[in-house]
Amino acid sequence: MDRKIPIGILGATGVVGQRFIQMLERHPWFEVAWLAASDRSEGKIYAEAARWRLKTPIPAPVAKMPVSPATPEGAPKVIFAALDASIAAELEPRFADAGCAVVSNSSALRMKEDVPLVIPEVNAGHIRMIDAQASRKKSGGFVVTNPNCSAIGLVLALAPLHQRFGLETVMAVTMQAVSGAGYPGVASLDILGNVIPYIRNEEEKMEEETRKLLGQLNGAKVIPGTFAMSAQCNRVAVEDGHTESVSVRLRTKAKPEEIIAAWNGYRSEPQELKLPSAPECPVVYVEANDRPQPRFDVDMGAGMTAVVGRLRPCGVLDWKFTVLSHNTIRGAAGAALLNAELLKAKGYLG
């Protein structure tokens, strides 16, 4: 590309907004041109407005950038949104109506009938739902969403099994990192030395979104997957990385070596298109009997790979295993960035 596409970030001062900035610093297709956040940040330069929480420094051009009002006037035509759901429900449609392509990390619109919920390796074809959106017909704008941070790792592990063997039943128990709660997130006296067996709306999101992601596109609508799905979600004292214990019943019987081969051999459109943020291997199986672990495995594939391990027979269903994914990279900013790259490759961003 001769010229990079200017992009804006809604919710730029939050943890996911910061991750967008970090991942876009040297991106070959996109460059940060506009930042917006809450009223208290408006008018400040970004370095003053944001309490930077990442291990790499704020990119120098972004540090000096002013924080704009969160309105479509003056915003670029491609927007990455990292907003709380209550705010996103109002703001994202406004930007879409103004002709912006909104690539959202929020849960606000994920389950709307005409909004694609996309993991590019799993259901890239669902982006065609964009064409049925009222804003697309009126102004050219649209909204595309990525899933919940815990659903993404799970679905990346399930997709190869669903494609090859079919799913009948899925049960998942999560151990979710504190960074998934944003900043300041969970109080230290609540989480240190503790496990919190409740994350508001998380179980419902996992169950609904998993079925939508693994559903079939029928015209402009998705017919959700028909498998049974149950999720239990816990917050644990881990900085980054959601770990999930999963049990499945398959429609077709499978041997362990067939399942592992399905994971390790899984490739899809992002790999074929060589999208910049796509990992070479979206799913990797590790053989060690005590892996994956967040401390050692969360950054595999630059944080974009789902790491699976501990495949073994299940006494209730067929098989059980462990899956780990990086919740603020693959589960948030990286997921939206990969969606934007897919949109660009498919001609939706000009």
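This is a predicted model: local features need pLDDT of at least 70, side-chain atom pairs count only at pLDDT 80 or more; totals for chains, interfaces and linings use all residues.
Two packed helices are described by the angle between their axes and the distance between the axes. Here α1 covers residues 15-24 and α13 covers residues 329-345. Their axes lie 9 Å apart and form an angle of about 55 degrees, which makes α1 oblique to α13. On the α1 side, the residues in contact are V16, R19, F20, M23 and L24. They meet I329, A332, A333, G334, A336 and L337 in α13. Sorted by class, this contact has nine nonpolar residues, one polar and one charged.

One joins the side chains of E25 and R26, with N and O 3.5 Å apart. E25 is partly exposed, at 36% relative accessible area, while R26 is exposed, at 68%.

Another joins K138 and D97, with an N to O distance of 3.9 Å. K138 belongs to helix α6 (residues 134-138) and D97 to helix α4 (residues 85-97), so this pair ties together parts that are 41 residues apart in sequence. K138 has a relative accessible area of 60% and is exposed, whereas D97, at 37%, is partly exposed.

A further salt bridge links R291 to D297, whose closest N and O atoms are 2.8 Å apart. R291 is partly exposed, with a relative accessible area of 27%. D297 has a relative accessibility of 4%, so D297 counts as buried, the cut-off for buried being under 20%.

Terms used:
Residues are numbered from 1 along each chain as its sequence is written. Side-chain values use heavy atoms; hydrogens and water are left out. Axes are lines fitted to C-alpha atoms, for helices over the stretch in contact, and angles run from 0 to 180 degrees between N-to-C directions. Helices (H or I, at least four residues) and strands (E, at least two) are DSSP runs, numbered from the N terminus. Angles under 35 degrees count as roughly parallel, over 145 as roughly antiparallel, 65 to 115 as roughly perpendicular and the rest as oblique. Contact means heavy atoms within 4.5 Å. Ala, Val, Leu, Ile, Met, Phe, Trp, Tyr, Cys and Pro count as nonpolar, Asp, Glu, Lys and Arg as charged, and the others, Gly among them, as polar. A salt bridge is a side-chain nitrogen of Lys or Arg within 4 Å of a carboxyl oxygen of Asp or Glu. Buried means under 20% relative accessible area, exposed over 50%, partly exposed in between (1.4 Å probe, protein chains only).
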